[in-house]
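Please look over the model shown here before reading on.

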Amino acid sequence: MMIKRAEISHFEAVKEIYDGARRFMKEKGNPNQWIGGYPQDQVIFDDIKEKKLFLCEENGEILGVFCCFFGNDPTYEKIFDGEWLNDRPYAVIHRIAVAENAHGRGVASLCFDYAFGICGNVKIDTHKDNIPMQRALKKNGFTPCGKIYLKNGDERIAFQKSK
């Protein structure tokens with residue numbers, strides 16, 4: 001498996017993976033995280049255009065997708081019921097999803113490792129009902145740090161991994 005930057009030609013495949021991720025979350029007791037078709041087409045196009053959407057690929061097949069960028073995320077400026085591990089510059093992972101036929105193959109771990117290998121200080125958040133993601137984050141060395149709130153007021157559990 002390898003990580004590479006997404007291009008516009010990958011749009012339909014990325015959209016399919018996100019559709020599958022919404023189904024998976026719903027089946028696993030998390031029907032409220034990516035509602036209303038999130039991430040919408042424009043979000044995906046913007047991530048590709050801004051060169052922050054990455055693919056996990058094996059033998060030409062896209063197994064996972066994630067948004068990763070370096071710099072401040074405004075939703076991480078305030079944390080509640082805890083604190084970040086440090087205040088050093090960090091990478092952010094958002095919108096990580098694994099293809100339905102690739103669960104259990106280490107795709108999420110490879111995506112996390114990619115971001116951590118570049119920066120060494122990574123922040124990510126997930127919905128309180130997204131138990132599979134919480135397990136994956138803990139398994140990969142991320143520490144729950146507290147709660148953050150999205151622009152729309154939705155609460156998320158904030159995680160960080162740092163060297």
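Predicted model: local features only at pLDDT ≥ 70, side-chain atom pairs only at ≥ 80, totals over all residues.

Residues are numbered from 1 along each chain as its sequence is written, and side-chain values use heavy atoms, with hydrogens and water left out.

**Helix α2**

- In α2 (residues 41-49), a helix being a DSSP run of H or I with at least four residues, Ile44, Asp47 and Ile48 are buried (under 20% relative accessible area with a 1.4 Å probe, protein chains only; exposed is over 50%).
- These residues lie on the same side of α2 because they cover an arc of only 100 degrees around the axis, taken from the directions from the helix axis to the C-beta atoms.
- The face turned away from the buried side of α2 carries the exposed residues Gln42 and Lys49.
- Just after α2, Lys51 has a positive phi of about 60 degrees.

**Largest pocket**

- The largest pocket holds about 1,100 Å³ of space, and 44 residues line this pocket, with Gln33, Trp34, Arg95, Ile96 and Asn130 nearest its centre.
- β4 gives the most to the lining of the largest pocket, with 6 residues.

**Second largest pocket**

- About 170 Å³ of space lies in the second largest pocket, whose lining includes Ala13, Glu16, Glu61 and Asn101.
- α1 contributes the most to the lining of the second largest pocket, with 5 residues.

Notes:
Helix = DSSP H or I, 4+ residues; strand = E, 2+ residues; numbered from the N terminus. 1 Å grid on protein atoms, 1.4 Å probe; cavity = no way out; pocket = protein on both sides within 12 Å on 5 of 7 lines; lining within 4 Å. Points joined across faces, edges and corners; volume = space filled by probe spheres on them.
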